[in-house]
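Here are a few friendly notes to read alongside the model.

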Amino acid sequence: MKIHYQDKTIEIEKEATIQEILKEEIEKVKYPIIGATFNNEYVNLGYTIEKEGEIKLIDIASKEGTKMYRRTIIYILGKAIEEVCPDKKMIVNYQLPNSMFCEIENMEITEDILEKLNDKMNQIVNKDLPIKQVVMTRKQAEEFYQKNDISKGRLQLDSKENQEIYMYYCEDYYNYCYGTIANRTGVTKIFEIVKYEDGFLVRYPTSSHPDQLPQLIETKKLAWALNEYDDIHKILDVNTVYKLNKAVEEDNIKDIIMLDEALHEKKIANIADEIAKNRNVKMILIAGPSSSGKTTFAQRLGLQLRINRIKPITISVDNYFVERKDTPKDEKGNYDFECIEAIDLELFNNHLSKLLNGEEVEMPEFDFHVGTKRYNGKKLKLESDQVLVIEGIHCLNDKLTSSIAKDQKYKIYISALTVLNMDRYNRISTTDTRLIRRIVRDYQFRGYDAKHTIKTWNSVNNGEEKNIFPYQEEANSIFNTSLIYELGVLKGMVMPLLEEIKQEDTEYAEARRLINMLKYFETIPAEYVPTNSLLKEFLGGGNFKY
């Protein structure tokens with residue numbers, strides 16, 4: 001068989017693993033190799049090549065490599081907990097910056113326990129134990145689950161589409177991961193477990209600095225927002241995909257949708273009430289990553305502000321770009337429109353100060369075709385019962401509004417902070433939820449196919465990591481735009497778009513990963529979504545203007 005790797009063609013006479021075929025290449029790279037793609041599908045290094053194709057190696061300095069690293073370290077943690085606390089169950093709750101918040105059910109987390117877990121995980125990693133993927137038929141899996149009386153990975157069996165059931169084995173420990181993990185424990189050498197709230201954080205490196213742990217940054221506001229939603233959905237008993245599917249099957253999903261939407265409305269009303277209490281606030285700044293639902297949130301907040309006799313006036317930061325010739329460029333020589341220096345900060349702050357002083361200002365309109373600001377006679381003066389509402393990626397960064405006093409500003413960070421888990425070990429990434437939203441929106445309203453959206457997603461993420469996430473704790477309020485039921489609705493629209501991506505496309509691997517996750521969701525009819533829902537920003541047919 002002919003195997004292609006970079007510019008080489010390697011001939012092999014019999015079946016072999018990727019580790020065996022590319023042994024020399026794997027050993028001489030700068031950063032450890034944690035996985036690969038074979039014919040544009042994610043696999044680990046233990047994958048056996050049985051046909052001709054192309055291999056691409058994935059190291060821990062890549063985005064997908066970081067995800068594999070995280071999944072692997074959580075798998076190793078599960079094994080360590082089973083050895084240290086054999087009668088206890090681990091719960092992976094949610095992700096914080098470069099860490100995962102976990103708990104052990106019905107157990108107080110002490111420094112002694114954490115030390116034992118750290119020691120056990122280090123032993124498992126240092127032994128460089130093999131992690132083998134075992135494939136079972138549905139019948140074999142049913143017998144396996146009945147014999148062992150376990151729930152790990154059981155969602156696979158509940159999905160009628162699955163004719164093959166997978167388990168990852170390391171010695172006598174077995175579990176399932178909804179995504180590819182490493183084939184050996186030794187690749188995840190850098191990690192740390194630290195006490196946090198009632199549980200602990202599992203910390204790991206970033207793709208930009210894969211050889212060291214990042215500084216531990218307190219994110220109390222973000223953690224509080226995640227905890228709040230997590231607790232509410234536990235009370236509603238819909239904190240896992242299995243329970244969400246059960247609500248669909250038992251025809252209770254409309255109640256779940258109404259409760260989820262009511263939660264959104266209540267939170268938005270609370271934010272508006274808090275703003276109304278502080279009469280010094282004359283500027284509301286809203287920031288959040290792509291596909292968070294900022295446009296709908298701003299309009300729904302506007303309604304609640306009006307109830308409080310406050311009239312919102314929207315200003316677009318996009319009209320304050322510097323002239324094209326003055327736009328900074330990135331390391332590749334391309335215009336960097338996302339950096340804060342691309343904004344004419346002096347003019348923007350000058351206009352804001354005048355407006356807050358009761359002066360009239362002629363507002364610019366930026367002509368993107370020629371890259372210049374134009375003045376078309378549009379004037380604005382702020383009345384006593386009005387507040388400015390500004391939305392943009394830099395809104396949490398004080399540099400954007402440096403001339404405005406802190407007590408005159410109210411900052412809101414919004415994001416789809418997913419609290420739904422596949423099961424107690426496997427969580428659904430907030431980034432994946434936003435990507436699925438964006439694929440649907442790009443297709444519906446921007447004329448882009450799923451391949452284009454996936455292709456540009458890493459670039460979008462890089463901008464968010466630089467310009468938004470470092471400032472999220474600066475917010476006065478954090479609003480979680482996720483809806484526990486949304487992936488069941490979006491599934492019906494996004495699956496056909498993902499399935500259009502061909503195997504020869506580089507984006508096929510990501511498409512298959514998303515398809516393999518979404519197939520576990522029961523489809524929820526889009527007509528169940530209320531017309532004022534934030535989800536309508538992506539589905540269309542809502543009450544608000546976009």
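1. Let me begin with the lining of the largest cavity, which by class has 5 nonpolar, 4 polar and 1 charged residues. Please keep in mind throughout that this is a predicted model.

2. Which residues line the largest cavity? They are His-233, Thr-418, Val-419, Leu-420, Thr-433, Ser-482, Leu-483, Ile-484, Glu-486 and Leu-487. The space inside the largest cavity is about 80 Å³, and the count of cavities of 30 Å³ or more comes to 3.

3. On the overall fold, the protein has 16 helices and 21 strands. Its radius of gyration is 25 Å, close to the 24 Å from the globule rule for 546 residues, so the protein is as compact as a globular protein of that length. The C-alpha trace spans about 75 × 55 × 45 Å along its principal axes.

4. Now for packing and surface. Of the 546 residues, 56% count as buried. Among contacts with a separation of 6 or more, 72% come from residues 24 or more positions apart. The protein exposes about 25700 Å², and carbon and sulfur atoms supply 45% of that area.

5. Finally, a distance to check in your viewer: Leu-259 and Glu-341 are 82 residues apart along the chain, and their C-alpha atoms are separated by 43 Å.

Note on methods: Residues are numbered from 1 along each chain as its sequence is written. This is a predicted model: local features need pLDDT of at least 70, side-chain atom pairs count only at pLDDT 80 or more; totals for chains, interfaces and linings use all residues. Side-chain values use heavy atoms; hydrogens and water are left out. On a 1 Å grid over the protein atoms alone, a cavity is a set of points where a 1.4 Å probe fits but cannot get out, and a pocket is an open set with protein on both sides within 12 Å along at least five of seven lines; lining residues have an atom within 4 Å of a point. Grid points are joined across faces, edges and corners, and a volume is the space filled by probe spheres set on the points. Ala, Val, Leu, Ile, Met, Phe, Trp, Tyr, Cys and Pro count as nonpolar, Asp, Glu, Lys and Arg as charged, and the others, Gly among them, as polar. Helices (H or I, at least four residues) and strands (E, at least two) are DSSP runs, numbered from the N terminus. The radius of gyration is taken over C-alpha atoms; the globule rule is 2.2 Å times the number of residues to the power 0.38. Buried means under 20% relative accessible area, exposed over 50%, partly exposed in between (1.4 Å probe, protein chains only). Contact means heavy atoms within 4.5 Å. Accessible areas come from the Shrake-Rupley method with a 1.4 Å probe; for residues, only the protein chains shown count as cover.
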